[in-house]
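I opened this notebook to look up how the strands pair and where the nonpolar side chains gather. My entries follow the structure shown here.

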Amino acid sequence: MKSYIKASLLFVIIILASCEDVIDVDLQETDPKLVVEASIDWEKGTLGNEQTIKLSTSTPYFKNTDITTVTGANVKITNDTSGAEFIFVDQNNGNYTTDVFVPIINQSYTLEILYNGETYTANETLKSVADISDIYQSIEDGFDEELLEVNVDFIDPEDEENYYLFKFQRRGDLLAVLEDGDDEFVNGNKVNWWFEKEDDEETNEKAFAAGDIVDIELYGISEAYANYIQILIEQSEGAGLFSATPVALKGNCININTPDNYAHGFFRLTQVVKASYTFE
């Protein structure tokens, strides 16, 4: 009986192998779009004057094409109240930089990019962030009581809506992990945010262990950016049984000449606190 099953399986495999055909699928291609990486992040304790904006163009998903940097664009940010303009200088490698930016909390700014005869604009307001009051390790708050997690405490400001973005990256890991939150249920109170890692054979990642160092960044972000990054995080985590269908994610960069030719990416202004923790 076992020999019969093995022989049958072998026959099926041979039949399937002999029926392989190469199928060419015509995929819809679109013209490259401008990709804007305009994260104006003001780290507490610094002047925040040195800022960089990165420009590139999108490429087809299935083409082995390097990211195409954009040079020759005109890039500036304007303070919407004072009218002060901050020109970002083309470094001829896709980066546009300034060392004279002046960050002001709760101030709105407008980004303007002139590229290929078209004008892209975006508007955002610089949001503040609370100070981190304590960082420590535990095994009590995570999903697995046997795994180490890092805990970050801070006091949420009262009488205002606050949105947060966390960035965790263990030194030696290739990618950081992003998590978003808000103060809907903790307004004006102490917030405890924890983060743990599990063993994952597919990615070869390990849980936290003694001696590991994790870098932590806490950003104060706008509601608009919170909505954007939440969708981006959900889509980056992959499709699951109950996952929402991925959608085209639009940022806040508008093409005022050809609206359909919008730019990818988001113009954000945030205040950020940075810290690190070493597990014992």
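For pairing, I counted two strands as paired if DSSP finds at least two bridges between them. Helices (H or I, at least four residues) and strands (E, at least two) are DSSP runs, numbered from the N terminus.

This is a predicted model, in which local features need pLDDT of at least 70 and side-chain atom pairs count only at pLDDT 80 or more, while totals for chains, interfaces and linings use all residues. Residues are numbered from 1 along each chain as its sequence is written, and side-chain values use heavy atoms, with hydrogens and water left out.

Entry 1, overall content. I found two helices and 16 strands in the protein. Of its 280 residues, 36% are buried (buried means under 20% relative accessible area, exposed over 50%, partly exposed in between, with a 1.4 Å probe and protein chains only).

I looked up a sheet of three strands and read its order as 9-10-13, with antiparallel pairing. Strand 9 (132–138) and strand 13 (190–196) are its edge strands, each pairing on one side only. Strand 10 (residues 149–155) pairs with strand 13 in the antiparallel sense over seven bridges. Within strand 13, Trp-193 stands opposite Val-152.

Why is strand 11 largely enclosed by the rest of the structure? Six of the eight residues of strand 11 (residues 163–170) are buried, so I noted it as largely enclosed. Strand 11 runs antiparallel to strand 12 (residues 177–182), joined by six bridges, and Phe-168 stands opposite Val-177 in strand 12. The hairpin of these two strands has six residues between them, and there Gly-172 takes a positive phi near 105°. Strand 11 is also joined to strand 14 (residues 213–221) by eight bridges, again antiparallel. Here I found Gln-169 opposite Asp-215 in strand 14.

I took a nonpolar core as a set of buried Ala, Val, Leu, Ile, Met, Phe, Trp, Tyr and Cys residues joined through side-chain atoms within 4.5 Å. The largest has 26 residues, and Leu-55 and Ile-113 have the most contacts inside it. Strand 1 gives the most to this core, with five residues. Contact means heavy atoms within 4.5 Å. Leaving aside neighbours within four places in sequence, I listed the contacts of Ile-113, among them Leu-34, Val-36, Leu-55 and Tyr-120. A second, separate core of 20 residues includes Val-150, Tyr-164, Val-273 and Phe-279.
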